[in-house]
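Work through the exercises below with the sequence and the coordinates open. Try each task before reading its solution.

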Amino acid sequence: MDDIDRAILRELQTDGRMPYADLGPKVGLSPSAARQRLQRLIDTRVVQVVGVTDPMAMGGQAMALLGIGVDGDARAVADLLGRREEVVYSVLTSGGFDLFAEVVCHQPRELLDFINDVVRPIEGVTRVQNFPYFGIHTHRFLWDVG
C-alpha cells in the first residue's frame, strides 16, 4: 500500500458510496485510475466492500459490549456466542478478559436475560462484565490507514 491507496481508503471510510468521478480527483487520480486502484485493493483482499447495518435503526434498543472471563477454551465460548443472533461479533483477547462480545437486544430486559440466561450458564464462563451503550445510533468503523 502506498500513500494514494491510503488516501482512497480514508475517503471511502467517510463515504463508501463515493463515485469514482469524485474519488479520483480527491486522491490525485483520474476516475478510471481510482477504480483500478480500488479494484486491486479488493482483489488482494486488503479491502472488503460490505454493507454495515445500524443495529439501533433495525430495532435494537439495548447494546452492550460484554467482557467475558473463561476458565478453559475461550474459542469454544466465542464460537458458541457467535452463533447467537443477538451477538454482532465476538473476539478473543489477551487482556483482562478472555473475549469480548458485542450484543444487541430489542429491550434492556432482553439484554439482562441474555447475559443471565445465555452467557453466564455457558460451561467455562467465570465472569461477565457489561459495558452498555447509551445514545448510540450509528456505528462508525474508522481505522487509521496511515
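The exercises cover a helix, the nonpolar cores and the aromatic pairs of a predicted model.

**Exercise 1. Helix α4**

Task: Find which residues of helix α4 (residues 74-82) are buried, and state what covers them.

Solution: 
- Step 1. Pick out the buried positions of α4: A74, V77, A78 and L81.
- Step 2. Look at their directions around the axis. They span an arc of only 100 degrees, so they sit on the same side of α4.
- Step 3. List the cover. It includes strands β1 (62-70), β2 (87-92), β3 (99-105) and β4 (125-133), together with helix α5 (108-119).
- Step 4. Check the N-terminal end of α4. D73 caps it, with a side-chain oxygen 3.0 Å from the backbone nitrogen of R75.

**Exercise 2. The nonpolar cores**

Task: Determine how many residues the largest nonpolar core has, and which of them have the most contacts inside it.

Solution: 
- Step 1. Count the members: the largest core has 21 residues.
- Step 2. L66, I68, L81, L99 and F114 have the most.
- Step 3. Assign the suppliers. At least two residues come from each of β1, α4, β3, α5 and β4. β1 gives the most, with 5 residues.
- Step 4. Examine F114. Neighbours within four places in sequence are set aside; F114 then touches L66, L81, R84, E86, V87, V103, C105 and V119.
- Step 5. Look for another core. A second, separate one has 12 residues, among them L9, L23, V27 and V47.

The general background is simple: nonpolar side chains tend to be buried together in soluble globular proteins.

**Exercise 3. The aromatic pairs**

Task: Count the aromatic pairs, then classify each one.

Solution: 
- Step 1. Count. There are 2 aromatic pairs.
- Step 2. Take F97 and F100. Their ring centres are 5.5 Å apart and their planes meet at 55 degrees, so this pair is tilted.
- Step 3. Take F97 and F131. Centre to centre the value is 6.1 Å, with 90 degrees between the planes; the pair is edge-to-face.
- Step 4. Locate the second pair. F97 lies in the loop between β2 and β3, while F131 is in strand β4, so the pair ties together parts 34 residues apart in sequence.
- Step 5. F97, F100 and F131 form one aromatic cluster.

**Exercise 4. Accessibility in the cluster**

Task: Is F97 buried or exposed?

Solution: 
- Step 1. Set the cut-off: buried means under 20% relative accessible area.
- Step 2. F97 has 11%, so F97 is buried.

Key. Residues numbered from 1 in each chain as written. Predicted model: local features only at pLDDT ≥ 70, side-chain atom pairs only at ≥ 80, totals over all residues. Heavy atoms only, no water. Buried < 20%, exposed > 50% of the residue type's maximum accessible area, 1.4 Å probe, protein only. Helix = DSSP H or I, 4+ residues; strand = E, 2+ residues; numbered from the N terminus. Arc of directions from axis to C-beta. Contact = heavy atoms within 4.5 Å. Polar contact = N/O pair within 3.5 Å; in protein donor to acceptor, adjacent residues only side chain to side chain. Core = buried A, V, L, I, M, F, W, Y, C linked by side-chain atoms within 4.5 Å. Phe/Tyr/Trp six-rings, centres within 6.5 Å; stacked < 30°, edge-to-face > 60°.
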